[in-house]
Amino acid sequence: MIGEQVLCYLPGQSGQAPLVQQVCAAHGVTCILVPPNRTCETIGALLSLPVPPKKVPISLPPSQCALVLHGFSRPRMDALLSAFSEAGLGTDILKAVTTPTNLGWSFSALCQELAREHAGITNAVSRQ
């Protein structure tokens, strides 16, 4: 059985990678650093899951930092996200959990969707 895993993408923030890895290790979680040249791969492939290969369009690497959590129960996910926050990893990092659908998405496509959702929420809150 594959345990809890975090895909970690930190463009221009490589100094934060050891901190993310340290927090993950303290919680018994596998941290997989995703370099820009692998963001066109599917989430499932990056997690080494037996997901059927899909052709995904090649796109530019995302510009925002992102964490994708896989295999977590809600309490364990909440504990890890709290630990990230306590360690100073800010709210500017996009976060997602895997689903059967997004396992077939490229990392870039998921980050683009998260950025759109984040912008929509931010705009809605600022209008209130």
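The following exercises, each with a worked solution, concern the predicted model shown above.

Residues are numbered from 1 along each chain as its sequence is written. Because the model is predicted, local features need pLDDT of at least 70 and side-chain atom pairs count only at pLDDT 80 or more, while totals for chains, interfaces and linings use all residues; side-chain values use heavy atoms, with hydrogens and water left out.

**Exercise 1. Chain architecture**

State how many helices and strands the protein chain has, and in what order the elements run.

Solution. 
- Step 1. Helices (H or I, at least four residues) and strands (E, at least two) are taken as DSSP runs and numbered from the N terminus.
- Step 2. On this basis the protein chain has 4 helices and 4 strands.
- Step 3. Read from the N terminus, the order is β-α-β-α-β-α-β-α.
- Step 4. A contact means heavy atoms within 4.5 Å. Of the contacts in the protein chain with a separation of 6 or more, 78% are between residues 24 or more positions apart.
- Step 5. Buried denotes under 20% relative accessible area, exposed over 50%, and partly exposed in between (1.4 Å probe, protein chains only). Of the 128 residues in the protein chain, 38% are buried.

**Exercise 2. Helix α3**

Solution. 
- Step 1. The buried residues of α3 are Met-77, Leu-80, Ala-83 and Phe-84.
- Step 2. An α-helix has 3.6 residues a turn, so residues three or four places apart point the same way.
- Step 3. The face turned away from the buried side of α3 carries the exposed residues Arg-74, Pro-75, Ser-85 and Glu-86.
- Step 4. The cover over the buried residues of α3 includes β1 (5-9), α1 (17-26), β3 and β4.
- Step 5. After α3 comes Gly-88, with a positive phi near 90 degrees.

**Exercise 3. The largest pocket**

Identify the lining of the largest pocket and the element that gives the most to it.

Solution. 
- Step 1. On a 1 Å grid over the protein atoms alone, a pocket is an open set of points where a 1.4 Å probe fits, with protein on both sides within 12 Å along at least five of seven lines; lining residues have an atom within 4 Å of a point.
- Step 2. The largest pocket holds about 160 Å³ of space.
- Step 3. Its lining consists of Thr-91, Asp-92, Ile-93, Leu-94, Lys-95, Leu-114, Glu-117, His-118 and Ile-121.
- Step 4. Two or more of the lining residues come from each of β4 (94-97) and α4 (107-126), and α4 gives the most, with 4 residues.

**Exercise 4. Loop residues**

Locate Ser-48, Leu-60 and Gly-28, and decide whether each is buried or exposed.

Solution. 
- Step 1. Ser-48 is in the loop between α2 and β3; at 62% relative accessibility, Ser-48 is exposed. Although not a glycine, Ser-48 has a positive phi of about 60 degrees.
- Step 2. Leu-60 is in the loop between α2 (43-46) and β3 (66-70), and is exposed, with a relative accessible area of 71%.
- Step 3. Gly-28 is in the loop between α1 and β2 (30-33), and its 61% relative accessibility makes it exposed.

Notes: Points joined across faces, edges and corners; volume = space filled by probe spheres on them.
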